[in-house]
Amino acid sequence: MTRNPGHDLLTVPDADNAARQGFVLALKQHLQSWRPQTRALYEREIKSGKNETAAQIRDGLYRNETYQAICCIRRIAQQMMWECIRSPIERNTGTLSEKYQYYASRKNRVGTLTLNPDVEIPESLSRVDVHLQPGGYLRNETDRDILAGALYEAGGALYSQGQNIGTRESKAGVVMRYIDRRYPGFSPGRILDIGCSAGASSVPYAEACPHAEVHGIDVSAGMLRYAHARAEAMGAAVHFHQMNAVDMVFPDGSFDLVVSHNTMHEMADDTRQKMFAECRRLLRPGGICIHQDVPLRFDRLDRFLQAEYSYDQWFNAEPHWLEYACCDFEEMMLLAGFEREHIGVETLKQSDGSFSWYAVTGSNPA
Ligand SMILES: C[S@@+](CC[C@H](N)C(=O)[O-])C[C@H]1O[C@@H](n2cnc3c(N)ncnc32)[C@H](O)[C@@H]1O
C-alpha cells in the first residue's frame, strides 16, 4: 500500500517545477542532517549551566545568531516547498474544478459527499495556515474549490520525504499491519477515519476491506470535495462528511474501527479529549480505535531535544504542537470512558526506512 498512489486528480508539475521540487526536497533532507550539529552548537556556545530547563535552552537557542539563521533557512525551505507546489496546482485550478464536477456528479459513484456549511470550525484552524499551507486547511473560495485537498496531498508527499519518511507504506498500511498482528481475524464492518483531509488514509481502508462501509470526516469542505473526487477517481467507496470530531452525527455504537492519522496533533487538548469521548461512544462492542500520529513525546526526549523540537509550534504554524507533545494520552483515554486494561500506547515502525509512528489505542470489550 504505497504512500503516494497515482490518480486522475494529481497535477503533474512541468520540468521547471519538478526541478524546484527536487531542490526543496534535497534541501529539507540536508537540513535534517544538521540536527546533531545544532546540539554541538548549543553545548559549545549557548549552554549556561547543567540544569537548564527546556524553556531556558529554547530561549538561549533563539538568542543565538547561528541558530536564528538555521530557523530562517528551515522556514524558507517550507515556504519554498509551498511555492513550487502551489504554482502548477493553481495554474490547473480550472481542470481540477471540472474533474471535481465530473466525479461528484457521475451516475456510477461508489461513495458520497455530505457537506454542512454550519459545522463548528476549530478556532485555531481559522487563525493560522497550518504548516504554512497557502490558504490553510479551510481554503474554500467557491463551491467547487478543491485546492485545500490538492495542495495538502502534494505538500504532504514532499514534506514527508523531506522528513525521511519512507514512501512505500502508507500511514493506514502501518495501522492495518498493527491490527493484523494485535487483533488477528478482526474484520471491521464499518470504519471511520477522523480528520481525513484529502482521504489519503481513508481510501486504503476501503481497498483493504471491500466489504466494509468506510466513512471519513473533516471540518474542511475544500479537503472533502477533493477527497470525494479523488476516491471516486480511484474507484474506492468512501462516504465523506463535513463534521467536527467533537460532535459527530452518528448514532452510538456505529463503528467497529475508528482511526485517525496525523490528526491528534492538530487539536487543542480539550478538542482531543472530546474526540476521544466521541470515539468511545461510537465504538460497537468488540470495536477498536487507533489514533496514529507523529512520534513527538516530550517525556521521552532530553531537555535539549524538547527545546529543539518546539520549532514547529513557533515557526511552522502548528498551534497545538506542544500540547500534543506533553499530553497524557492514558489519562485522556480514561477520562473519555475507556477502561485501563483496554488502552494502549504503541510505537508503530514503518516497514520501509527508520521512521516510527505513535499510536493511541482503545477498545470496547465485546
Ligand atoms: C494533518 S491533517 C490529517 C491528515 C490525514 N488524516 C491523512 O492521513 O492524510 C489534519 C486534518 O484534521 C482536520 N481537523 C482538525 N481539527 C478537526 C476537528 N475538530 N474535527 C474534524 N477535523 C478536524 C483538519 O481540517 C485537517 O484536514
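**Figure 1. Ser 354 lies in the loop between E7 and strand E8 (356-363).** The model shown here and in the other views is predicted. Ser 354 is exposed, because 9 other C-beta atoms lie within 10 Å and a residue counts as exposed at 12 or fewer. Leu 158 is 196 residues away from Ser 354 along the chain, and the C-alpha atoms of the two are separated by 17 Å.

**Figure 2. Eight strands form an open sheet with mixed pairing.** The order across the sheet is E1-E4-E3-E2-E5-E6-E8-E7. Strand E1 (112-114) and strand E7 (343-349) are the edge strands, and each of them pairs on one side only. From one strand to the next, the twist averages 20 degrees. Strands of a sheet pair through backbone hydrogen bonds, in either the parallel or the antiparallel sense.

**Figure 3. E1, E3 and E4 are joined by parallel pairing.** E1 and E4 run parallel and are joined by 3 bridges. Within this pair, Leu 113 stands opposite Phe 240 in E4. E3 and E4 also run parallel, with 5 bridges between them. Here Asp 218 has Gln 242 of E4 as its bridge partner.

**Figure 4. Strand E5 (residues 255-261) pairs with strand E6 (residues 283-293) in the parallel sense.** The pairing of E5 and E6 extends over 6 bridges. Which residue in E6 is the bridge partner of Val 258? The partner is Cys 289.

**Figure 5. Helix H5 (residues 93-105) packs against H10 at an angle of about 65 degrees.** The axes of H5 and H10 are 9 Å apart. The angle makes H5 roughly perpendicular to H10, since that class covers 65 to 115 degrees. The crossing of H5 past H10 is left-handed. On the H5 side, the contact is made by Lys 99, Tyr 100, Tyr 103 and Ala 104. On the H10 side, Arg 225, His 228, Ala 229, Glu 232 and Ala 233 take part. The residues of the contact between H5 and H10 comprise 5 nonpolar, 1 polar and 3 charged.

Note on methods:
Residues numbered from 1 in each chain as written. Predicted model: local features only at pLDDT ≥ 70, side-chain atom pairs only at ≥ 80, totals over all residues. Pairing = 2+ DSSP bridges. Helix = DSSP H or I, 4+ residues; strand = E, 2+ residues; numbered from the N terminus. Axes fitted to C-alpha atoms, helices over the stretch in contact; angles between N-to-C directions. Buried ≥ 20, exposed ≤ 12 C-beta atoms within 10 Å, placed from the backbone. Parallel < 35°, antiparallel > 145°, perpendicular 65-115°, else oblique. Left-handed = near helix turned anticlockwise from the far one by under 90°. Contact = placed C-beta atoms within 7 Å. Nonpolar A, V, L, I, M, F, W, Y, C, P; charged D, E, K, R; others polar.
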